[in-house]
Amino acid sequence: MNILALSGSLRAASINSALLRAAARLAPPGMTVTVFDGLAHLSLFNPDLDSDPPAAVAHFRSRVADADALLIASPEYAHGITGVMKNALDWLVSFEPFAHKPVAVLNASPRAIMPMRRCAKSCAPWPPSSSNRPPSRSRWWAPDSTRRA
Ligand SMILES: Cc1cc2nc3c(=O)[nH]c(=O)nc-3n(C[C@H](O)[C@H](O)[C@H](O)COP(=O)(O)O)c2cc1C
């Protein structure tokens with residue numbers, strides 16, 4: 001199984017990127033986790049370019065198409081996922097091979113649960129069904145995690 005890992009942080013010392021690199025190192029036999037390092041090169045999403053995207057976007061989309069699943073980790077910036085991750089997902093919205101791609105989200109900080117939940121919702125096929133609806137808030141919180149107001 002070939003998994004493409006996406007970090008929403010461009011920081012060299014990003015703990016989310018480090019988490020994904022750890023996942024790559026710990027991947028069991030038969031599974032390859034590759035951390036994609038090209039999100040910084042994606043231009044800002046423009047629907048006018050969706051059908052004939054810039055080369056960096058075409059490359060990103062081909063890597064997504066080739067992957068069996070995506071693994072996403074993003075920090076919380078201003079109560080949402082980062083602009084880097086939002087921009088990447090915007091480029092995938094109308095990209096057909098992404099439509100039913102399995103996606104897992106994880107985060108290095110429990111405070112980022114809500115944005116990541118929204119991120120998972122964005123990744124779910126449309127229209128939502130009981131099988132692809134993101135877990136309810138309570139299922140995302142570990143029993144010992146700190147609740148946010
Ligand atoms: C511009 C900016 C906005 C942030 N906004 C939030 C926020 O709304 N909520 C929060 O809990 N942390 C916020 N943080 C803290 C980051 O989410 C936190 O430092 C995170 O661990 C960074 O992830 P990284 O190490 O993968 O880069 C913000 C950080 C920055 C730089």
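A: Two strands pair if DSSP finds at least two bridges between them. Strands (E, at least two residues) and helices (H or I, at least four) are DSSP runs, numbered from the N terminus. Residues are numbered from 1 along each chain as its sequence is written. The model is predicted: local features need pLDDT of at least 70, side-chain atom pairs count only at pLDDT 80 or more, and totals for chains, interfaces and linings use all residues.

Ile 72 has Val 105, in S6, as its bridge partner. Strand S3 covers residues 69-73 and pairs with S6 in the parallel sense, over 4 bridges.

Now the whole sheet. It is open, has 4 strands in the order S2-S1-S3-S6, and its pairing is parallel. Strand S2 (32-35) and strand S6 (103-106) are the edge strands, each pairing on one side only. From one strand to the next, the twist averages 25 degrees. Angles run from 0 to 180 degrees between N-to-C directions; axes are lines fitted to C-alpha atoms, for helices over the stretch in contact.

Two helices come next. Contact means that the C-beta atoms of two residues, placed from the backbone, lie within 7 Å. Helix H1 (residues 15-26) packs on the sheet and touches strand S1 (2-7), S2, S3 and S6. The direction of H1 makes about 155 degrees with that of S2. Helix H4 (residues 113-123) also packs on the sheet, touching S3 and S6. The direction of H4 makes about 170 degrees with that of S6.

Go back to S1. S1 and S2 run parallel, joined by 4 bridges. Ala 5 has Val 35, in S2, as its bridge partner. S1, H1 and S2 form a right-handed β-α-β unit. Right-handed means that, with the strands pointing away from the viewer, the path from the first strand over the helix to the second runs clockwise.

H1 and strand S4 (76-77) each supply at least two residues of the shell around the ligand. A residue is near the molecule if its C-beta atom, placed from the backbone, lies within 6 Å of it. The residues around the ligand include Ser 9, Arg 11, Ile 15, Asn 16, Glu 76, Tyr 77 and Arg 111. By class, the shell has 4 nonpolar, 5 polar and 3 charged residues. Nonpolar here means Ala, Val, Leu, Ile, Met, Phe, Trp, Tyr, Cys and Pro; charged means Asp, Glu, Lys and Arg; the others, Gly among them, count as polar.
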